[in-house]
Amino acid sequence: MDAGIEHVAIIGGGFAGTLLAINLVRHGGPRATLIERRANQLARGVAYSAAHAEHLLNVRAGNMSALRDDPDHFVRWLVARGTGDAKTFVPRRVYGDYLRDLLMETIAADPARLTLASGEVVALEQAGQGYRLEMAEGAGLTADAVVLALGNLPPHTPPGIDPAVLADGCYREDPWAGDIAEGLGADDRVLLVGSGLTAIDAALLLDASGFGGRTVAMSRRGLAPRRHAETPPVAPLRERPAASLSALVRHVRCAAEEQGWRGAVDALRPVTQMMWGAADGATRGRFLRHLRPYWDVHRHRLAPSVADRVEALIEAGRLSVAGGKLVRVEPDGEGAIVHWRPRGTEGVEALRVARIVNCTGPQGDLLRSREPLIRQLLGSGMIRPDALRIGLEVDAQSHVVAADGGAAERLYCIGPMTRGGLWEVVAVPDLRQQNWELARRLAHAQWVGGEGL
């Protein structure tokens, strides 16, 4: 049996990485080094650091505790500051403050056990039973085990768009990088490629920045997130309700007739990962191709006040949601002409826009990533994409699976990049559970050795 794990390096200081560091200390686990390359994203990640002050969580505070064994922790934190209660949809920046406070309190309570490191890890190689991490700045460190908490990969440029032929600033690949309303006037039109939560965020950013023109959110089906509503409690399912996708759709439709669609979807939460795990690759692929957009807009909802603002923008003619396929984009001075095919038609229409913002949301195709660490890990065969190329392949204990199919004993991955094996691993309750289980295993490995854990 291997020697015990005494030092864990966590690459990525967003929600998943920060919470793992906290849980290692709380479980009496090994010493940890939490590494984050962007100082403003420590304990926040993109979700809670780049948000505007008016961007709200899309889940009520009562279900947002970071601690699995203390479900009221976040609510107590809010109440102590007079900023909300269990039913509040809290600003995302406030939730980032909460995570950072929890991290700093953990460090203050046991500073020898948890160290923060600033920098970018660009390479990872085995060193004895552990690993050596190479930093972009030239320094490095060693650890007995490494956890990849990389968050989401940036979105890919949608087909039909060639940023190189467009005027500077016409195409924005990241709605969180810089001011997407910069230089726009009241007569301009903005195209948001995508109509999900990222597009809603971008539309609100434009409005908050004073943009008075028109915004079009375009996606294949033209679906937008639904609103939260006060609903009676529903009994969660404890076993898989259907063995096939078509049977599952029938089940949800029947349940929706009795308890509303929100209740029908919410009842699936305890068994979603079970259903995904039981599905074969072909079924998972069919779900992603045909049902994912419908799942996303019903599962990931808008806070009521956000839904009110979106409806007001639509009623004022300043925001519209279109269903169709983007065919090609041509430069037109400082703007662009967007050629697109409306859903259900054969004809192609043209739309003149001053700016295009990529709101397709985070991606998970490792083979298209430009991240130095991911490219190095792929090149060395230490990781491989999952079968659907929506993340990184891991086993049931969060061990990373290498190119040869073997599971690394001391290299782990948590967070959204493990969606290929779990699907539901983007919301706080799912991340919280995954995090808790790995922290417990690593704490155990400190004393009994790392083999098989």
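This is a guided tour of the structure, stop by stop, with what to select and what is there.

The model is predicted: local features need pLDDT of at least 70, side-chain atom pairs count only at pLDDT 80 or more, and totals for chains, interfaces and linings use all residues. Residues are numbered from 1 along each chain as its sequence is written, and side-chain values use heavy atoms, with hydrogens and water left out.

**Stop 1**

Select residues 214-219 and 319-332. These are strands E10 and E11. Helices (H or I, at least four residues) and strands (E, at least two) are DSSP runs, numbered from the N terminus. E10 and E11 pair in the parallel sense, over five bridges. Two strands pair if DSSP finds at least two bridges between them. Click on Thr215: its bridge partner in E11 is Leu319.

Find Arg328; opposite it, in E12, stands His339. E11 and E12 form a hairpin with two residues between them. In that turn, Gly333 has a positive phi of about 65 degrees. In a regular strand the side chains alternate between the two faces of the sheet.

**Stop 2: two cavities**

How many cavities of 30 Å³ or more does the structure hold? It holds two. On a 1 Å grid over the protein atoms alone, a cavity is a set of points where a 1.4 Å probe fits but cannot get out; a pocket is an open set with protein on both sides within 12 Å along at least five of seven lines; lining residues have an atom within 4 Å of a point. Grid points are joined across faces, edges and corners, and a volume is the space filled by probe spheres set on the points.

Select Ala203, Leu206, Asp207, Phe211, Gly213, Thr215, Leu313, Arg318 and Leu319. They line the largest cavity, which has a volume of about 70 Å³. Helix H5 (residues 197-208) gives the most to this lining, with three residues. The lining has five nonpolar, two polar and two charged residues. Here Ala, Val, Leu, Ile, Met, Phe, Trp, Tyr, Cys and Pro count as nonpolar, Asp, Glu, Lys and Arg as charged, and the others, Gly among them, as polar.

Next, select Ser195, Ala199, Ile200, Ala217, Leu319 and Val321. These line the second largest cavity, with about 30 Å³ of space. H5 and E11 are the elements that give two or more residues to its lining.

**Stop 3: the second largest pocket**

Select Leu248, Val249, Phe287, Leu291 and Trp295. Of the 27 residues that line the second largest pocket, these are the closest to its centre. The pocket holds about 690 Å³ of space. Which helix gives the most to its lining? H6 does, with eight residues. By class, the lining has 19 nonpolar, four polar and four charged residues.

**Stop 4: rings around Trp423**

Rings of Phe, Tyr and Trp (its six-membered ring) pair if their centres lie within 6.5 Å; planes under 30 degrees apart count as stacked, over 60 as edge-to-face and the rest as tilted. The count comes to nine aromatic pairs. Select Trp276 and Trp423. This pair is stacked: 5.1 Å centre to centre, with 25 degrees between the planes. Trp276 is in helix H7 (residues 272-278), and Trp423 is in the loop between helix H11 (419-422) and helix H12 (428-448), 147 residues apart.

Buried or exposed, what is Trp423? Trp423 is buried, at 7% relative accessibility. Buried means under 20% relative accessible area, exposed over 50%, partly exposed in between (1.4 Å probe, protein chains only).

**Stop 5: charged partners**

The structure holds 23 salt bridges. In each, a side-chain nitrogen of Lys or Arg is within 4 Å of a carboxyl oxygen of Asp or Glu. Select Arg227 and Glu311: their closest N and O atoms are 3.1 Å apart. Arg227 lies in the loop between E10 and H6 and Glu311 in helix H9 (residues 304-315), so the pair ties together parts that are 84 residues apart in sequence.

Finish with Glu424 and Arg269, which meet in a salt bridge (3.1 Å, N to O). Glu424 is buried, at 3% relative accessibility.
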